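Here is a friendly note to read with the model open beside you. Take the points in order and find each place as you go.

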Amino acid sequence: MQVIKHGFSIKSEVLEISSIKPGGSGTMEGNDYPASTKFRTVNIIEEPFEGTQKEIEEIVEYQVICSSNKEAEDVTNLLRNIRAKNLPVFVNTSIPKLYKGSQIYTAKSIDLGAAFLELNRTHDKKDEVKKV
């Protein structure tokens, strides 16, 4: 996917990461795939259900495309560090998609690995300065 006109982006603040999954570049069924890191977050809402409440999960999986396996490793390590510090992650995406048969929304970062790292490293370092 290539954006040929960038008229908007959705700025998300991910408050809690539930899982992080790095993926190396490769080929599957004749298609080339770039290195990337995916991470998920979840909101849980309650709805009435037959005299009680049921919990419904709203899951979003963000994907950051990277230029190399090393960059995907760097994104993964940064996300783990941010999660350990309980800091939010900032990600700029297009509209999340819900693919047929899935209950997980997929949102691809408009920022590639290096820009995503810069955005979130700056945020991470600001927090470190405050603590000193």
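1. Start with Ile110, found in the loop between strand S9 (104-108) and H2. Helices (H or I, at least four residues) and strands (E, at least two) are DSSP runs, numbered from the N terminus. Ile110 counts as partly exposed because its relative accessibility is 27%; buried means under 20% relative accessible area, exposed over 50%, and partly exposed in between (1.4 Å probe, protein chains only). Although Ile110 and His6 are 104 residues apart along the chain, their C-alpha atoms are separated by 9.3 Å. Setting aside residues up to four places away in sequence, Ile110 touches His6, Phe8, Ser9, Asn92, Thr93 and Ser94, where contact means heavy atoms within 4.5 Å.

2. A word on what you are looking at. This is a predicted model, in which local features need pLDDT of at least 70 and side-chain atom pairs count only at pLDDT 80 or more, while totals for chains, interfaces and linings use all residues. Residues are numbered from 1 along each chain as its sequence is written, and side-chain values use heavy atoms, with hydrogens and water left out.

3. Now step back to the whole protein. There are two helices and nine strands, and along the sequence they follow the pattern β-β-β-β-β-β-α-β-β-β-α. The C-alpha trace spans about 50 × 50 × 30 Å along its principal axes. Of the 132 residues, 31% are buried. If you take the contacts between residues at least 6 apart in sequence, 61% of them join residues at least 24 apart.

4. Next, look at Asn120, which sits in helix H2 (residues 113-131). Is Asn120 buried or exposed? Asn120 counts as buried, because its relative accessibility is 0%. Leaving out residues up to four places away in sequence, Asn120 touches Leu78, Ile82, Pro88, Val89 and Phe90.

5. With 0% relative accessibility, Phe39 counts as buried. Beyond residues up to four places away in sequence, Phe39 has contacts that include Val14, Ile17, Val60, Tyr62, Leu79, Val89 and Phe116. Phe39 and Ser18 are 21 residues apart in sequence, and C-alpha to C-alpha they are 7.4 Å apart in space.

6. Most residues other than glycine have a negative phi. Glu29, which is not a glycine, has a positive phi of about 50°; Glu29 lies in the loop between strand S3 (26-28) and strand S4 (31-33) and is exposed, with a relative accessible area of 78%. Glu50, in the loop between S5 and S6, has a positive phi near 45°. At 72% relative accessibility, Glu50 counts as exposed.

7. Finally, which strands each supply at least two residues of the lining of the second largest pocket? They are strand S1 (10-14), strand S5 (36-49) and strand S6 (52-65). Among the lining residues are Ser12, Val14, Thr41, Asn43, Glu58 and Tyr62. On a 1 Å grid over the protein atoms alone, a pocket is an open set of points where a 1.4 Å probe fits, with protein on both sides within 12 Å along at least five of seven lines; lining residues have an atom within 4 Å of a point.
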